[in-house]
Amino acid sequence: MVVDRSTDHENSPALRIYKELRNRICLRVYKNGEILKENEIAQEFSVSRTPVRESFQRLKLDGLIESKKKVGTVVKGIDDETIYELYEIRVNLLDHVANESKENYNENDIQKMENLLQRVDKLSLNKDTAEYWKINDELFSILISVVQNKSLKQLIISLFLQTAKNWAFLLPQIWDRSCEILKQEIERELEFMKVGDKKGVIATWKCYVMASMQYCRSFAKEQSESQKLPE
């Protein structure tokens, strides 16, 4: 689970709906601008509209949805340039995380990382974008677990989820390379965890966020140039 809320119950309807809607948005099952209707979602999950509203509040806090007058609740769209700005903020915040965090990664985190590594090995055999997202999401949860400042943590979560939407859009077109990058990141962060080097883990994390930003920029530029008509 990405969001850190100690008062939430793991099986609460609001949390269950939040996580499912968040996954659908990040995997682009729900497109930018798509209207999310409380009554339809309540019927799908067999709940009242109250937990749906609660899940909407969390998604708004994450920056994934917004309310529009005379329209309703819609999936929030972000232009490419803003995406790159969010990536840059993520990179800068990770320097602060390395210095602010008092906790270190533990044996349980190491075990989780090793499990992720086994799962990512299977990704190249089948283009399971949902599994790719789950691995990336769980990796993020492990990495951010050392952050105690709740406001900082929520900001990092929001930035992660908003930029994840952009990566999901590119994923089918750059599948093999994406799987390779994800495996490399987990391997290198795991090495630092095993020797108790938290700053090494976060520095590696930062490098891969920067690499993701540059890769997205390069790919977008290539696509734009390939679509230009010859003079």
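This report walks through a predicted model, starting with its sheet and ending with its cavities.

Three strands make it up, it is open, and their order is S1-S3-S2 with antiparallel pairing. Strand S1 (35–36) and strand S2 (65–68) are the edge strands; each has a single partner strand, so one side of each is left without a neighbour in the sheet.

How do the strands connect, bridge by bridge? S1 and strand S3 (residues 72–75) are joined in the antiparallel sense by two bridges. If you want to find them on screen, Leu-36 has Thr-73 as its bridge partner in S3, and Ile-35 has Val-74. Between S2 and S3, which also run antiparallel, there are four bridges. Val-74 turns up here again, as the partner in S3 of Glu-66.

Helix H3 (residues 49–61) lies across S1, S2 and S3. Relative to S2, H3 runs at about 105°.

## Backbone spots worth a look

A few residues in this part of the chain have a positive phi. In the hairpin of S2 and S3, three residues sit between the strands, and Lys-70 there has a positive phi near 65°.

Arg-28 is not a glycine, yet its phi is positive, near 65°. You will find Arg-28 in the loop between helix H1 (13–26) and S1. Ser-46, also not a glycine, has a positive phi of about 55°. Ser-46 belongs to the loop that runs between helix H2 (38–45) and H3.

## The largest cavity

The structure holds two cavities of 30 Å³ or more, and the largest has a volume of about 350 Å³. Its lining is made of 24 residues, and those closest to the centre are Tyr-132, Asn-136, Phe-160, Trp-167 and Ser-212.

Which elements give two or more residues to this lining? They are helix H4 (80–100), helix H6 (129–144), helix H7 (150–170), helix H8 (175–194) and helix H9 (198–226). H6 provides the largest share, with six residues. Sorted by class, the lining of the largest cavity has 18 nonpolar residues, four polar ones and two charged ones.

## The second largest cavity

The second largest cavity holds about 30 Å³ of space. Arg-90, Leu-93, Leu-94, Ile-156, Trp-205 and Val-209 line it. H4 and H9 each contribute at least two residues to that lining, and H4 gives the most, with three.

What classes of residue line this second largest cavity? Five are nonpolar, none is polar and one is charged.

## Aromatic pairs

Finally, the rings. The model has four aromatic pairs. One of them brings together Trp-133 and Phe-160: the ring centres are 5.9 Å apart and the planes meet at 15°, so the pair is stacked. Why does this pair tie together separate parts of the chain? Trp-133 lies in helix H6 and Phe-160 in helix H7, so the pair links parts that are 27 residues apart in sequence.

Definitions and conventions: Residues numbered from 1 in each chain as written. Predicted model: local features only at pLDDT ≥ 70, side-chain atom pairs only at ≥ 80, totals over all residues. Heavy atoms only, no water. Pairing = 2+ DSSP bridges. Contact = heavy atoms within 4.5 Å. Axes fitted to C-alpha atoms, helices over the stretch in contact; angles between N-to-C directions. 1 Å grid on protein atoms, 1.4 Å probe; cavity = no way out; pocket = protein on both sides within 12 Å on 5 of 7 lines; lining within 4 Å. Points joined across faces, edges and corners; volume = space filled by probe spheres on them. Nonpolar A, V, L, I, M, F, W, Y, C, P; charged D, E, K, R; others polar. Phe/Tyr/Trp six-rings, centres within 6.5 Å; stacked < 30°, edge-to-face > 60°.
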